[in-house]
Amino acid sequence: SAPLSEVDPEIAAVLQQELDRQRHTLEMIASENFVSRGILEAQGSVLTNKYAEGYPGKRYYGGCEAVDIAEDLARDRAKELFGAEHANVQPHSGATANAAVMMALANPGDRILGLSLAHGGHLTHGMKLNFSGKMYEAHAYELNPETFLIDMETVRARALEVRPAVLIAGWSAYSRHLDFAAFRAIADEVGAKLWVDMAHFAGLVAAGLHPSPVPYADVVSTTVHKTLGGPRSGLILCKSEYAKKIDSAVFPGQQGGPLMHVIAAKAVAFKAAMQPEFIDRQQRTIEGARIIAERLGQPDVVGAGVSVLTGGTDVHLVLVDLRNSEIDGQTAENLLHEAGVTVNKNAVPNDPRPPMVTSGIRIGTSALATRGFTAKEFNEVADIIAHALIPGSDLAALRARVHNLTDSIPLYSNLENW
Ligand code: PLP
């Protein structure tokens with residue numbers, strides 16, 4: 001049949017426009033990354049045609065011989081990569097993975113306890129409009145108001161008060177390691193199951209650069225597309241004793257037919273994550289974030305009322321605090337956009353500005369590390385961001401510096417168009 005450019009030139013133009021945007025700007029949204037050509041190929045393959053409800057060897061549809069191989073490879077590689085007893089690779093997304101985890105570990109109406117959304121938690125950890133807040137009695141623990149760190153004594157006190165069925169560790173905006181052993185001890189003390197959502201830092205865990213929650217948690221969920229660098233989707237890991245419950249919570253509990261093209265792409269991603277280059281990439285990711293945090297701590301930026309929450313970072317992101325700046329989170333996002341840097345505004349704990357404005361931004365380095373950026377480029381990126389956050393900066397000059405960087409390390413240079 002005819003190529004996309006002929007059958008639907010409008011959508012073909014969108015794809016080209018987006019490829020150009022990714023190529024010519026600095027992608028620094030902490031939850032994003034660039035997938036490899038192999039992952040694009042697996043995802044854009046004929047596996048999208050196949051219905052395969054059920055699990056390998058136990059399907060409700062015929063003709064699953066080939067896709068069974070893909071799912072077995074994905075499951076085996078996920079288990080090997082993270083040292084897990086069981087893996088379910090079918091969740092369409094992080095949110096559906098989390099819905100399945102909750103379904104397996106708790107009953108509707110049970111109490112759950114996770115990090116407050118306003119302090120860096122995720123919607124699926126108990127936000128009131130989300131399934132997690134509607135189906136369960138959701139409670140939250142908060143960051144220490146002075147240090148902006150998760151204080152395990154506070155978590156313990158909240159857990160003793162709430163007595164949750166499920167204790168949740170994991171975040172969407174937090175720049176330090178979590179103490180999984182302490183979470184485990186608290187869960188045991190209050191009789192809760194421990195669920196860790198490592199969506200953001202899974203790639204760092206896979207590379208051995210972040211403590212692994214797998215030995216401590218009853219269940220670990222993750223997205224595959226953030227630091228892990230795979231296709232947009234979810235993954236659940238658990239101890240063998242939860243395998244049956246998790247599998248039946250994913251299918252038929254939450255989903256129908258699995259996306260076999262995405263599952264094949266997950267297998268490709270897990271294989272890539274076992275290669276030495278992957279560790280190098282995750283090291284550059286963390287180094288890049290540290291370089292940015294350090295630059296934003298220099299007097300010219302600090303003098304403009306900017307600071308970095310917790311004073312630095314252990315991971316792939318930096319949380320910028322703009323409460324004392326005349327530039328709010330939305331304005332910072334816009335200024336950086338004009339300079340060619342894509343980030344998102346992000347509320348800081350107890351943010352005095354409204355949620356659509358905020359007093360912070362979240363800056364991530366995964367995508368640029370995948371692109372090939374090293375300390376040299378990250379130093380330049382850090383200086384560009386620093387200048388954009390100082391009022392009255394020359395945005396056109398910053399944009400030119402961004403172009404130099406994107407020209408010096410091209411993205412998807414082996415793709416004509418897509
Ligand atoms: N869990 C955490 C911690 C996240 O940060 C996210 C996404 O931002 C999700 C789950 C949900 O992932 P998805 O957007 O694939 O549903």
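**Stop by stop**

Start by selecting Leu 117, Gly 121, His 122, Leu 123 and Glu 241, which an unreviewed UniProt entry annotates as "binding site". These residues span 125 residues in sequence and their farthest two C-alpha atoms are 30.1 Å apart, so they do not all gather at one spot. Keep in mind that you are looking at a predicted model.

Next, zoom in on His 122. You will find His 122 in the loop between strand S5 (111-115) and helix H6 (131-135). Is His 122 buried or exposed? His 122 counts as buried, because it has 23 C-beta neighbours inside 10 Å. Now show Gly 170, Ser 172 and Asp 197: His 122 is in contact with them, leaving aside its neighbours within four places in sequence.

Then move to Glu 241, in the loop between strand S10 (234-238) and helix H10 (243-254). Glu 241 has 10 C-beta neighbours inside 10 Å, so it counts as exposed.

From there, step onto H10. This helix has twelve residues and reaches 15 Å from its first C-alpha to its last, close to the 16 Å expected. Colour Ile 246, Asp 247, Ala 249, Val 250, Phe 251 and Gln 254, which are buried in H10. They cover an arc of only 160 degrees around the axis, which means they sit on the same side of H10. On the other side of H10, pick out Lys 244 and Pro 252, which are exposed.

For the last stop, show what covers the buried residues of H10, including strand S4 (86-88), helix H5 (94-105) and strand S9 (219-223).

Conventions:
Residues are numbered from 1 along each chain as its sequence is written. This is a predicted model: local features need pLDDT of at least 70, side-chain atom pairs count only at pLDDT 80 or more; totals for chains, interfaces and linings use all residues. UniProt positions are given in the numbering used here, feature names are shortened, and annotations may be inferred rather than shown by experiment. Helices (H or I, at least four residues) and strands (E, at least two) are DSSP runs, numbered from the N terminus. A residue is buried if 20 or more other C-beta atoms lie within 10 Å of its own, exposed if 12 or fewer, and partly exposed in between; C-beta atoms are placed from the backbone. Two residues are in contact if their C-beta atoms, placed from the backbone, lie within 7 Å. The expected span of a helix is 1.5 Å times one less than its number of residues. The arc is that of the directions from the helix axis to the C-beta atoms.
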